[in-house]
Amino acid sequence: MKREELLGIARKILDKAVKKGYEEVMVLVRDTRESMLKIANSEPSVAQYWDMLSIELYLVKNKRIIVAGLEPSSIDELDKPLKELLSIAVRIEESPLYAPLPEPARTEPLTGIYDPGIEEALSNPGELGELVVEAAHREGIDRLAGMIDLKITGKALVTSKGGEYYEEATMMESYLRAFADPDGSGQWSTCSRRLDKGKLVEAAGIAARYAVDSRNRISVEPGVYDIVFSPMIMGNLVATITRMASAFMVYMGMSMFMKHRPGDRVASESFTLIDDPRLAELPGSTSFDDEGVPTRRKPVIEKGVFKTLLHNTRTAAKMGGETTGNAGWIMPHPWNLVVPPGEASLEELIGEVRKGLLINNNWYTRLQNSVEGVFSTITRDALFLIENGEIKAPVKKIRVAYTFPNLLQNIELIGRKQYDVKWWEIPWPTRIPYILVRKVHTSKHTA
Amino acid sequence: MIDEDLAFYALKIAGGLGASYAEARIHVNRELAIMMRNGRIIGSGIDYRRGIGVRVIVNGALGFSATNKLDKESIKQAVEKAVSIAKVSSKLLKKPITFAPARLGHANYRVLPRKSFDNMSLDEKINYLETLWKNAGEAVEKAKLPAFFTSYHENVEEKFIVNSDGGEVYSVIPRIGLFYNLVVMDPGKGSVQRWEQLGSSGGLEWLDEWRLHETLPRDIRVYEKILYEAVEPPRDKVDVVVGSEIVGLIVHESCGHPSEADRILGREAAQAGMSFIKPGMIGERIGSVHVTVIDDPTIPGGYGFYLYDDETVPARPKYLYYKGLINEHLHNRWTASIYGVESNGSARAMDYRSEPIIRMSNTYFKPGTYSLEELIEDIHRGVYMKTYMEWNIDDERWSQRYIGLEAYLIENGEIKGLVRNPVLELTTKSFYSSIDAVGKDLKFYAGTCGKGEPAQGVPVWFGGPSVRIRNIRLGVAPK
């Protein structure tokens, strides 16, 4: 569906809601076509395709807030839920998170977020599957698993303040995990607004080389190590930290930023973390947020100093400050995360380590206490022992068991090459280099 | 209301396009949620998702397509897409996908709540959440309760599934859920965070069962005590009584997940990972004779309750570990065909957008005969870990870690004071092999289990009694 068709649907729903008696309304309509090839044991396990129209409603009656996600077959089908929701609205109390809708604003369209190449590839993800399987096997692996996801989304937003916004964008995402017998494995991911076969082949190659290089692992004792984190694991840790920078997480009591104010030093001076929705190359890019607020690039942490929580209009009104253009109607969230590059090559990062580890990938990051930032995560895939600035041997799985405040303070060096990553454990597209952190605590099973 | 004809229509189109197997599932999920923070409603919402998911086998390849545009033309296009992308991906295929023969259901069932959602007005539901806040706030004495977040959920899952092998099942399952997160804090002492998810199939009767308004104040007083009184756990080897809540999670993570046959065969290798269980390991010892773990979708009230899976195979209890041996895996019709067995009905899809994949339902450690006092009475020095917050397990489900939240020192057979953040970090085999006594206090806990791509979260129960493990070295959480 194209611009006028989607905006037309959104307008009709808005009119209907206003006529029903809602004082403030936002309607977000998304039309999505998506195909995904899932690969296991170097062959397709399933090819999937979606064609979907979804409608999200934000409704206010007497400062009571209701949100709804609906999938009606016709606009008339909305009469009933709109009436039911009104009966809920009048019975709940005024929300402490209420704030008036933002005034309509002019947004600067993003260029380069739509690639017709994705449209063409949508019907045949098998060809891309063949490409990555071949690329990975060229490195001498035994098996490849992963997925390639292609998507076209049109989104239309209208608000009862008169705001009307539309954007159409494409995206490609892929993550690949290679296995080399007897015990080697490596995983990498990539993402883009464009169909980029070069990036797919690069991701397959990195995953495969990690797999081959990590065969015949030895055990190391847990302890305190200097660790070179790859973009995959650091992407996950940075996402976990940024999720806690959502003002709503602070409000819920699930954030280490409950203890901090903008201006506090929370990380080493070498570390900057930016939310950049204007970075058109990454698939989180958008010119307007879910309230129609123009998006902007902003540091969450700049040279080690905490700069801002991520806000929508309501959390900003409640907690002080202004919206950062990160709505989410309920929960503000980042769009694209960027850690700016440093100057070190990967070899130089490794060269700085007397005794330490290089970690390719992880999963299952969980917190004992979000407020204190106490967490652990377990490695998967390639992991190497570094001694006197050189990689000595691949090693078996270990946990990073540490605190986020300490991890951030101990960041020492940032790599110069950034990678675009996103997968299961990295929910937002992230452009990030390899990063060296000193004195990281690790842990392992004791029995 | 589900228009069953649309599912038959999809099946007919798929047959005409040469699919050797086809399945259509019209799947509706309706949910109401109310969110409250510190006694005030911050918002409420409804979510209504409905559409059709179609799965086909063409040229030996599996294709899946979904749409929420429920007109015949859109459904026809969805089926055509499922067929065409299966066809193009089949060129890469080494071995065709086949489904094992199965006795499929032809059934219609509905879970009837003892107390339907209409039995309480919205005001009463809100009042209940307010009571939780009031009781929680009154429980703290010295410390503060800066954040207390609750959300109430009621949802109904309705689906109609039909497939070309003759299966035809309609079902309606209502579920209720409560979630809370709280922080007890003293600026000089730090903080304790606790969140919990409660959930069951059925209706409002579960609020009476859970009695959260009564249990929360008691728990919060314990969290406050942890701040002021808890000491470091012992560092030497001790005996550990692992509480029911942690045992439930352990069996989910280190028995249920590694027993998923699709994971064993590598289908989820890039996502949820592999399994330490390899083909041919049925009958191998994983634990002591006290260890039996069952996955049973048919437990009434279970958050993961169902009677037929999403391939229309009848559900039944599966004895995954039996008396310490690896005994049976979770199968769908594809893995059953590779293993040369019958599917045991473990295929589930989160919603119409999701392909059915192998999932747990209600997984639990079979209870024994010991009371909690009996588990503790002959421990000279040990720790009782009752609840947890942080946990994780590696992607082969071998090395696992749990950090206790409410945990006590045991000395000379008696529970003493609180210990802070003891870490139980051990392998799957060590845990199950170290068990020498099993309690009778079976209890179930709710969770939303994630798997698949796109990721699917499905409701599950996991449960167990308290168990005793001997001679374990505990760790300490980082500060």
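**Close-up views of a two-chain predicted model**

**View 1. The largest pocket and its lining.** Among the 36 residues that line the largest pocket, Lys80(A), Glu84(A), Arg30(B), Glu154(B) and Val156(B) lie nearest its centre. A pocket is an open set of points on a 1 Å grid over the protein atoms alone, with protein on both sides within 12 Å along at least five of seven lines, and lining residues have an atom within 4 Å of a point. The model is predicted: local features need pLDDT of at least 70, side-chain atom pairs count only at pLDDT 80 or more, and totals for chains, interfaces and linings use all residues. Residues are numbered from 1 along each chain as its sequence is written, chains are lettered from A and ligands numbered from 1 in the order in which they are written, and side-chain values use heavy atoms, with hydrogens and water left out.

The largest pocket holds about 1100 Å³ of space; a volume is the space filled by probe spheres set on the points, which are joined across faces, edges and corners. Helix 2 (79-89) of chain A gives the most to the lining, six residues. Helices (H or I, at least four residues) and strands (E, at least two) are DSSP runs, numbered from the N terminus. From chain B, strand 1 (21-37), strand 2 (40-58), helix 3 (122-139), strand 5 (144-163) and strand 6 (168-186) each supply at least two residues. By class, the lining has 19 nonpolar, four polar and 13 charged residues. Ala, Val, Leu, Ile, Met, Phe, Trp, Tyr, Cys and Pro count as nonpolar, Asp, Glu, Lys and Arg as charged, and the others, Gly among them, as polar.

**View 2. The second largest pocket.** This pocket has about 690 Å³ of space. Its lining is made of 29 residues, and Glu196(B), Leu198(B), Lys443(B), Phe444(B) and Tyr445(B) lie nearest the centre. Strand 7 (190-201) of chain B provides the largest share, six residues. Domain 1 (4-229) and domain 2 (237-476) of chain B both give residues to the lining, so the pocket lies between them. Domain bounds come from an automatic or database domain assignment. The lining divides into 11 nonpolar, eight polar and 10 charged residues.

**View 3. The second largest cavity.** The structure holds three cavities of 30 Å³ or more; a cavity is a set of grid points where a 1.4 Å probe fits but cannot get out. The second largest cavity has a volume of about 100 Å³. It is lined by 13 residues, and the closest to its centre are Arg55(B), Leu62(B), Arg267(B), Asn332(B) and Trp334(B). Seven of the lining residues are nonpolar, two polar and four charged. This cavity too lies between domain 1 and domain 2 of chain B, because both give residues to its lining.

**View 4. A four-stranded sheet in chain B.** The sheet is open, with strand order 16-17-20-25 and antiparallel pairing. Strand 16 (388-393) and strand 25 (475-476) stand at the edges with a single partner strand each, so one side of each has no neighbour in the sheet. Two strands pair if DSSP finds at least two bridges between them; strand 16 and strand 17 (residues 399-404) are joined by four. Ile393(B) stands opposite Gln400(B) in strand 17.
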